[in-house]
Every structure is written in C-alpha cells, then in structure tokens.
Amino acid sequence: EKGSAPAIPVDPRFDIAYVTPVTIGTPPQTLYLDFDTGSSDLWVFSSHTLASQVRGQMIYSPEKSTTAKLLAGHTWSIRYGDGSGSLGNVYTDNFTVGGVTVTSQAVQTAQQVSTSFTSESDIHGLVGLGFSTLNTVYPNGQLTFFDNAKSQLDSPVFTADLKWKKEGTYDFGFIDETKYTGEITYLPVQTDPGYWTFTSSGYAVGDGSFNQVSISGIADTATSLTYLPTAVVTSYWRQVEGAVNSQYYGGYVFPCSSKLPSFTFGVGSANITIPGSYINYAQITEGSPTCFGGLQSSSGLGINIWGDVALKAAFVVFNGGNPPTIGWARK
Ligand SMILES: Cc1ccc(-c2noc([C@H]3C[C@@H](O)CN3)n2)cc1F
C-alpha cells in the first residue's frame, strides 16, 4: 500500500503550520490535522472538548462512528515546545490518510486544549509522527499512525515535501523520484528519546565559506522556524544590516526591506540551501517595516530544531526501517 496527502499552509501570508486532511470513523468524518514529526500523540478536537475552547474547528464525534471503541481507563496529556497543550480520553477507530487506512488507530479525543489551539481554527488536532516511545497515553502508550501503517506500506517510509507558501505533500510507503533532484543523502537517527534526531555536518552563510561543525538537532514538521546554536545564528544575522536580537520580540528582527543571505546546512558530504526569502518569516505586525527572522537561537530550548523553514527547502525521507534513518535531498 502507499498514499499521498497534501500539506496545506495554514496561513497564506506565512507558513505558521501545515494541515493535512484525514478521515476518522464510519461514516468517515474529515478533519485537517497538523502532522508533527516532533511528537507522537494523535489527538483531535472532539465532541468531548469543552465548548468554550472550540472556535470553528471541525470535531470528531466518536458517538457518531459505528467503528469507534472507547479505550476504557486511558487518558493523555501533552505539552508542546511553545507551552501549548491538550488532554483527554482515547478511542480506537478507522483512520485514513491519503488512501492508507489503519483500523483501530488510537485517536485521542481532547477534553481540554490551551488557548493557542482554540485560536487556531484551521488546526483540528495533531498526528504525531515521532517514535511511539513519546506517546503520552496512560497507562498503556499507543502506537503512531506510521507505526501502525508500516507493515502494510510498500516501504516503511514517509516523506515530507513542504513548500514555501504553497501546498506540498506527505507521501506514505514510497519515495517519489519526481519530487527531488540529485541524490538522497541518508543520515543515522538517534531514536532516544523519540525524536528524528540527526547530526548536520556544518553550515555556511550566503556565499561564505563552509564551517565544518556537528549540529545535532531534530527534524520537526510542526515547528514553524529553525532554531540553531547561538554562534551559528549570530554569524548569520551579522550579515544583515539593522538586524537585532530583540528581547521585546523574543528573537532576531530586521528591516523587511533587507535582502537576506541564504543559509546552507551540511547533510553528510552534501548540503541543503535555504533561500534567504524563506528566512524572512513575517512582519512583526501587519504592515510593520520590521520583520521576524525564520532562523533563531536555540539557546533557551536545550535542543536544536530543524523546523519548517529548513524542511521546506528539502525533500525529506523519514525511513522507519531497521535502523531508522533520515534522508535529505535538494529539490
Ligand atoms: C497552536 C499550536 C501550538 C503548538 C503546536 C505544535 N505542535 O508540535 C509542535 C512542535 C514542538 C514540539 O513540541 C513538537 N513539535 N508545536 C501546534 C499548534 F497548532
């Protein structure tokens, strides 16, 4: 089996997140979910979610699905990197993405969500694509959609082809050769504690020389920006006149009229180049001459994150084989 599904930017002005249509239950209920390689819970806004916390999201109603089964005595609670979170109960039901169906997928129904989820009406939940060890369901952890689907896929892989301000795709079970140029470079993955953690071989700013330095970080499809060590990020923004690291705005801001240099990162002996335009993330407020950078320091996070700003410059293969590896190609 194999399948393809679109990755649709939530806001056409800037790529804050990407959502993908899925169907759950019988008859099928359609929701648009944020696929997240940085976590491993599949949760949805539901008929159980506090009404005061639902604002326009599509919901999953297990009581309307003839194939839904309550996973009695199981609960979950998750906190994301930005402090947002959600919690609730667990059902199993049929779950389909791009034509690939998993019967009895653990679907975590939210009873409560934090304000940033309530205010994001285009995101109806998340599909965790990290390693199942990160799943928060208690007392028995549940498997991700990918872990459940793996055995029925032609190949135990999924790929991410995210695009700048355009619709991209997630493919399951196959590698679409038309989606990239040159070769795919595969790197080892550290699966503990459960992220797709890999080590980049270094970086270059614009046309500058390549700095050979190992940068270990996670590939995270649900983090909008890219967060790297302070030394790396400082050397990038030093090239942009008027760029400052603003305490007020919580990161590097710069004049929107700037022509930003590209940022190249090493993957083995190959490399991926992020165009400068991708690093001009957004105006700090509508109409402002000041813009917020897509490349920020990871010093406060304790982890480096290759988020959408980096991922959308590449074709990325998440290989769930034994051992798992991550593949990068230019496109
Ligand atoms: C409103 C909202 C807030 C946060 C997130 C969110 N989901 O995953 C992540 C990153 C950080 C890490 O926790 C795992 N991947 N961030 C999604 C949202 F729709």
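Predicted model: local features only at pLDDT ≥ 70, side-chain atom pairs only at ≥ 80, totals over all residues.
I began in a loop: Pro-323 lies between strand 23 (315-319) and strand 24 (325-329).

I placed Pro-27 in the loop between strand 2 and strand 3.

Next I looked up a phi value. Ser-104 is not a glycine, yet its phi is positive, about 55°. I had to see which element holds Ser-104, and it is strand 7 (residues 100-113).

**Ligand**

Where does the ligand sit? I find the ligand in the largest pocket. I count 14 residues around the ligand. Asp-36, Gly-81, Asp-82, Phe-117 and Asp-220 are the closest.

Which elements each supply at least two residues of the shell? I get strand 3 (29-36) and helix 1 (115-118).

I sorted the shell around the ligand by class. Five residues are nonpolar, five are polar and four are charged.

Asp-220 puts a polar side-chain atom 2.8 Å from a nitrogen atom of the ligand. For Asp-36, I read 3.0 Å between a polar side-chain atom and a ligand nitrogen atom. Ala-222 takes part through its backbone: a polar atom there is 3.4 Å from a nitrogen atom of the ligand. How much of the ligand's accessible area does the protein cover? On its own the ligand has 440 Å² of accessible area, and I note that the protein covers 86% of that.

**Strand 1 and its partners**

I turned to strand 1 (residues 3-9). Strand 1 pairs with strand 10 (residues 166-172) in the antiparallel sense, over five bridges. I looked for the residue opposite Pro-6 and found Thr-169 in strand 10.

Strand 1 also pairs with strand 2 (residues 18-24). This pairing is antiparallel too, and I log two bridges for it. Which residue of strand 2 is the bridge partner of Pro-9? I read Tyr-18.

Conventions: Residues numbered from 1 in each chain as written. Heavy atoms only, no water. Near = heavy atom within 4 Å. Polar contact = N/O pair within 3.5 Å; in protein donor to acceptor, adjacent residues only side chain to side chain. Areas by Shrake-Rupley, 256 points an atom, 1.4 Å probe, with all protein chains shown as cover. 1 Å grid on protein atoms, 1.4 Å probe; cavity = no way out; pocket = protein on both sides within 12 Å on 5 of 7 lines; lining within 4 Å. Sits in = over half its atoms within 2 Å of the grid points. Helix = DSSP H or I, 4+ residues; strand = E, 2+ residues; numbered from the N terminus. Nonpolar A, V, L, I, M, F, W, Y, C, P; charged D, E, K, R; others polar. Pairing = 2+ DSSP bridges.
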